[in-house]
Amino acid sequence: MSEDIPYAEPFKIKMVEPVFRSTRDERTQWIKDAHYNLFNLSSRQVMIDLLTDSGTGAMSDRQWSALMQGDESYAGAVSYDRLKKTIREITGFEYFLPTHQGRAAENVLFSTLVKEGDVVPGNTHFDTTKGHIEYRKATVVDCTIDEAFQAGLEHPFKGNADPEKLEKVIRKTPAGKIPFIIMTLTCNSAGGQPVSMKNLREISALAKQNSIPLIIDGARFAENAWFIRQREPGYHETDIREIVLEMFSYADGMTMSSKKDGLVNIGGFIGMRSEEIFRAASVFNIMFEGFITYGGMAGRDMDALAQGLHESTEEHYLEYRIRQVALLGKMLTDAGIPVIRPYGGHAIFVDALSFLPHIPRETFPAQTLAVELYIEGGIRSAEIGTLMADRDPVTRENRYPAMELLRLAIPRRVYTDNHMRVVAAALKNLWERRNQIQHGLKILNEAPILRHFTVELERIENEHNPR
Ligand SMILES: *Cc1c(COP(=O)(O)O)cnc(C)c1O
């Protein structure tokens, strides 16, 4: 009987970067000096960095060679033409504007479309999307399906929006006050969960009936397409590029953070079908970003992005990508560690409330777990919990979100499966001695908003557990 051939990454490595090794004693001191805030660590104090998948991916040899062909002309650079052609081929959008990253695309497009008093419904809006809408004194309404908020529930498309919730919003909002519906693919804030084609079709039909444009926040559009192929009946044999084109065919425009599925370290863009919107947005692009043929990007970066968009929509790349995230998820699940199901496209989320149920929420269980994981394995993760949720702007009390999560976001093409095994082993060690993690953290200093970036904490020691 022949043996199954194990899976191997669809690339080989041409250039390497050292991982800075450290001891537990060093890390114990460093995290104390960093006031138990992982954002304050130097990257040299981190062995495996899973803080974010944004702008942290590795470029291919083809992207590096595309970079050398960049045209740095102020106007009419051929790099712009090449990127425009690629965006048209892959997304179908005729018009495009380059921006320096995703939030800049939001800033430019929303300057064009969003007015005070407007309402922008969709599945869970990403923080910067929400920020750019609220900054214009408009509001967002989260219409994600209820299933998305049940951590352990298996559902293939937890990023879907609920058409009934959307219809209710449309019915009770005065005509003309909904500038667009926005769908985020995959839904980052719901745990990197995908949106189905069927859902996009339904939302698009609803939008059309009500003459409301549909915009896609496409940061992880390729990962979304992979999930459609894997999970949605009728798409198992369909080419990824065809799936991508169909997804975008339901939308009137898109914003993109190229730092995710663009496979580059910085960049973004807006894709549009309407020449009128393109003309109006061009004015803001020139004001905020740069002339319309570079908009905050170097010519060489536009060439690297064009190549990146081709690579991120390749089947072998996506198989590798989604499989690696799922491998980490499976190793944790097999060890009995509570994680959000199904596994997301770019990250695994550990349920810190089940991991450390004895740590009171006012002492930040997810952050406590992040600190312990750093000391255990030199692994940097992110807290998505009470610290990040900030205080209520009126009462100044902590806001306790539905879940207290530790996010392990996996950079694209950077770490091998062996690195994932190290992460799993470190978490398993913590899981086995979770009862010895007795105390949480308390705040010494915090900013009035977005406190998690700069907060200073200390360990609660030799104090009785408040519970
Ligand atoms: C990262 C991200 C953005 C913002 O993009 P930046 O490039 O970080 O400015 C917007 N939407 C989603 C879904 C994202 O993941």
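A polar contact is a pair of N or O atoms within 3.5 Å; within protein, one must be able to donate a hydrogen and the other to accept it, and residues adjacent in sequence count only if both atoms are side-chain atoms. The model is predicted: local features need pLDDT of at least 70 and side-chain atom pairs pLDDT 80 or more, whereas totals for chains, interfaces and linings use all residues. Residues are numbered from 1 along each chain as its sequence is written, and side-chain values use heavy atoms, with hydrogens and water left out.

View 1. A polar side-chain atom of Arg220 is placed 2.9 Å from an oxygen atom of the ligand. The protein covers 97% of the 380 Å² of accessible area that the ligand has on its own (Shrake-Rupley method, 1.4 Å probe; for residues, only the protein chains shown count as cover). Gln101 brings an N or O atom of its side chain to 2.8 Å from a ligand oxygen atom. Gly102 contributes a backbone N or O atom, 2.9 Å from an oxygen atom of the ligand.

**View 2. The shell around the ligand.** There are 14 residues around the ligand, of which Gln101, Arg103, Asp217, Ser257 and Lys260 come nearest (a residue is near if one of its heavy atoms lies within 4 Å of the molecule or strand). The shell consists of two nonpolar, six polar and six charged residues; Ala, Val, Leu, Ile, Met, Phe, Trp, Tyr, Cys and Pro count as nonpolar, Asp, Glu, Lys and Arg as charged, and the others, Gly among them, as polar. Helix H4 (residues 102-113) supplies the largest share, three residues. Helices (H or I, at least four residues) and strands (E, at least two) are DSSP runs, numbered from the N terminus.

**View 3. Lys260 in its loop.** Lys260 belongs to the loop between strand E7 (253-257) and strand E8 (268-272). Its relative accessible area of 8% makes Lys260 buried (buried is under 20%, exposed over 50%, partly exposed in between; 1.4 Å probe, protein chains only). Lys260 and Val414 are 154 residues apart along the chain, and their C-alpha atoms are separated by 13 Å.

**View 4. Helix H3 and its buried face.** The 14 residues of H3 (residues 78-91) should span 20 Å at 1.5 Å a residue, and the end C-alpha atoms are 20 Å apart, in agreement; the expected span is 1.5 Å times one less than the number of residues. The buried residues of H3 are Ser79, Tyr80, Leu83, Thr86, Ile87, Ile90 and Thr91. Seen down the axis of H3, these residues fall within an arc of 130 degrees, so they line one face of the helix; the arc is that of the directions from the helix axis to the C-beta atoms.

View 5. H14 (residues 365-377) reaches 18 Å from its first C-alpha to its last, close to the 18 Å expected. This helix is mostly covered, with 13 of its 13 residues buried.

View 6. Most residues other than glycine have a negative phi, and most peptide bonds are trans. Lys137 has a positive phi of about 55 degrees and is exposed at 57% relative accessibility. The peptide bond from Leu185 to Thr186 is cis, with omega near -20 degrees. Another cis peptide bond joins Arg341 and Pro342, with omega about -20 degrees.
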